[in-house]
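Here is a set of exercises to work through with the structure open beside you. Try each task before you read its solution.

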Amino acid sequence: MASRRITPLSGFPELLPGQRIVEAQVVRTLSETFELHGFAPLETRAVEPLDQLLRKGETSKEVYVLRRLQASEEDDGGDSSGGLGLHFDLTVPFARYVLENAGKLEFPFRRYQVQKVWRGERPQEGRFREFTQADIDVVGRDVLPFHHDVEVARVMVDALRRLEFLPPIRLQVNNRKLIQGFYSALGAPDVDAVMRAVDKLDKVPPDAVQQLLVDEAGLDEKQADLCLRLAAISTDDGSFADEVRALGLEHPLLEEGLEELAAVVEGCASLVDQRVRIVADLKIARGLDYYTGTVFETRLDGFEWLGSICSGGRYDALASDGKTSYPGVGISLGLSRLLVPLFQRGVLASDRSVPSAVLVALPDEESRPTCDRVAHQLRERGIATEVAAAPQKYGKQIRYAERRGIPFVWFPATGGGDHEVKDIRSGDQQPADPASWSPPAGDLRPRTVVSTVSTGSTTESPDEGAPS
RNA sequence: GUGGAUGUAGCUCAGCUGGUAGAGCGCCGCGUUGUGGUCGCGGAUGUCGCGGGUUCGAGUCCCGUCAUUCACCCCA
């Protein structure tokens with residue numbers, strides 16, 4: 001059989017073992033944090049009917065279609081759903097899940113979900129066709145009190161701050177009501193077009209956006225100028241409201257948005273520290289999605305080019321069965337976008353490529369039962385242990401451990417002597433009892449290692465970050 | 001999906017106007033016959049991303065393709 005040359009697949013990243021160890025630890029930290037806040041774990045199927053995926057306003061998404069190899073032409077277009085597609089986010093499947101299980105769920109319903117999603121877009125650094133998202137959402141029946149907007153922001157910030165290896169982050173918050181009210185008060189003929197233009201401020205210089213506002217959103221110079229002045233407002237406290245009011249426009253929606261935005265910023269103020277900033281940033285618009293109030297984006301210091309790693313917002317009408325509507329608010333974290341670039345650039349790594357904390361050396365094949373017993377005793381106490389594969393010279397066995405980052409090598413007692421355990425980083429070797437010996441707590445699990453590329457310096461941080 | 005740049009050893013990269021493929025690091029072995037890392041000596045790195053074309057001859061020039069990356073689109 002001719003072997004086809006194997007090549008990577010564009011946009012479908014795969015991790016090395018040490019990187020996967022870091023990712024798995026991150027997922028563990030996120031899940032624990034979400035559950036600390038009472039969010040229930042949830043998983044939905046990978047596929048949805050295409051008509052669900054392509055509901056209003058979502059037709060531009062690049063959806064991967066699922067098809068049976070044996071399906072005939074007639075089968076494809078036959079059923080009413082129009083076939084199946086892989087989900088491109090976790091919010092749309094969740095909305096469907098809520099409708100489907102509304103009778104069995106308690107509202108407001110809080111859930112988190114960490115799953116792969118697929119988008120047929122052109123890959124770039126931090127943009128993939130298959131990637132992992134971590135979502136939290138709160139959904140109510142008919143109504144959802146505003147304080148949940150503050151809650152989801154607090155939960156996600158709490159989760160992010162526990163990932164101590166991350167560069168400092170900046171959560172940017174805005175409010176759709178605020179900007180829509182402002183644009184309406186201004187007399188903008190097409191509020192969506194204004195948002196779309198303003199949303200480009202990240203990449204396009206202000207005077208170009210001004211031109212867009214005039215050409216495509218139908219504003220005059222003075223209106224466009226006011227839009228830019230609004231978008232330029234960015235404060236880390238409630239003072240943005242004064243700056244907005246100083247622009248002299250009034251509208252009920254604008255007022256409502258100002259109050260909500262202030263509530264989010266002030267509600268999160270207690271979480272702010274050196275590694276987490278929260279700003280009211282009035283240029284955040286979030287495209288044309290289903291958002292109706294609060295909107296979030298999140299950026300990493302020094303990695304602004306990556307775009308937002310974590311965003312979301314309030315949607316008043318995401319799910320509805322005609323009689324009942326289910327308003328929600330949520331945020332989703334792009335786990336792959338966050339981690340893969342840090343791996344690629346060598347910023348993040350694991351200090352081990354295996355979970356093992358101990359390698360039990362094997363003097364000879366006859367001693368394997370003895371070695372297995374030692375390993376068993378250690379594992380019984382939660383210490384990840386492996387026994388050497390072959391009775392090579394001890395130097396080789398030590399090197400085996402070193403290559404994998406296993407910190408301890410155990411030398412079993414032979415001929416009546418003591419067992420000994422060696423820390424191969426320090427070279428320190430001590431007699432030890434397999435029934436009671438434990439490594440230092442910090443060596444029990446692999447650690448995430450952060451290296452600052454510019455200086456080349458290396459610092460270690462425990463993965464299970466405690467709130468400080 | 002559209003357009004541009006890039007692709008040489010496991011990694012970082014040399015390789016001139018076409019003429020038999022290189023370095024450092026890493027890896028393997030020995031010195032060191034059950035205790036690695038330092039040092040010394042020795043060794044192997046490879047369908048030059050892949051396929052086709054031009055040519056006596058292609059890593060080098062041309063076309064296609066795949067991958068990476070940048071911009072657009074969109075967004076985690």
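**Exercise 1. Find the residue in β5 that is the bridge partner of A40.**

Step 1: Go to A40 and look across to β5, where its bridge partner is R111.
Step 2: Widen the view to the two strands, β1 and β5, which pair in the parallel sense over two bridges. Strands here are DSSP runs of E with at least two residues, helices are runs of H or I with at least four residues, and both are numbered from the N terminus. Two strands count as paired if DSSP finds at least two bridges between them.
Step 3: Carry on from R111 into β6, where its bridge partner is D137. β5 and β6 pair in the antiparallel sense over 10 bridges.

A word on the ground rules: this is a predicted model, in which local features need pLDDT of at least 70 and side-chain atom pairs count only at pLDDT 80 or more, while totals for chains, interfaces and linings use all residues. Residues are numbered from 1 along each chain as its sequence is written, chains are lettered from A and ligands numbered from 1 in the order in which they are written, and side-chain values use heavy atoms, with hydrogens and water left out.

**Exercise 2. Are the residues of β6 buried or exposed?**

Step 1: Buried means under 20% relative accessible area, exposed means over 50%, and partly exposed lies in between (1.4 Å probe, protein chains only).
Step 2: Count along the strand: 10 of the 10 residues of β6 are buried.
Step 3: Check each face. E130, T132, A134, I136 and V138 lie on one side, F131, Q133, D135, D137 and V139 lie on the other, and all are buried.

**Exercise 3. What covers the buried residues of helix α11?**

Step 1: Find the helix at residues 252–268; its 17 residues reach 25 Å from first C-alpha to last, close to the 24 Å expected at 1.5 Å a residue. That expected span is 1.5 Å times one less than the number of residues.
Step 2: Pick out its buried residues, among them L254, L258, L261 and V265.
Step 3: Look around them. The cover includes the helices α5 (147–161), α6 (176–186) and α10 (240–245), and also the strands β7 (169–175), β9 (276–281) and β10 (294–300).

**Exercise 4. Which residues is H148 in contact with, leaving aside its neighbours within four places in sequence?**

Step 1: Locate H148 in helix α5. H148 is buried, with a relative accessible area of 8%.
Step 2: Search for heavy atoms within 4.5 Å, which is what contact means here. The residues found are P108, V138 and V329.
Step 3: Stop at P108, in the loop between α4 (91–100) and β5 (109–118). A cis peptide bond joins F107 and P108, with omega about -5°.
Step 4: Now visit D142, in the loop between β6 (130–139) and α5. Phi of D142 is near 70°, a positive value in a residue other than glycine, and D142 is partly exposed, with a relative accessible area of 47%.
Step 5: Keep the background in mind: most residues other than glycine have a negative phi, and most peptide bonds are trans.

**Exercise 5. Which residue takes a positive phi in the hairpin of β17 and β18?**

Step 1: Begin at β16 (residues 408–411), which four bridges join to β17 (residues 420–423) in an antiparallel run. Here W410 has V421 as its bridge partner.
Step 2: Move on to β18 (residues 428–431), which pairs with β17 in the antiparallel sense over four bridges. K422 has Q429 as its bridge partner.
Step 3: Inspect the four residues between β17 and β18: the answer is G427, with a phi near 85°.
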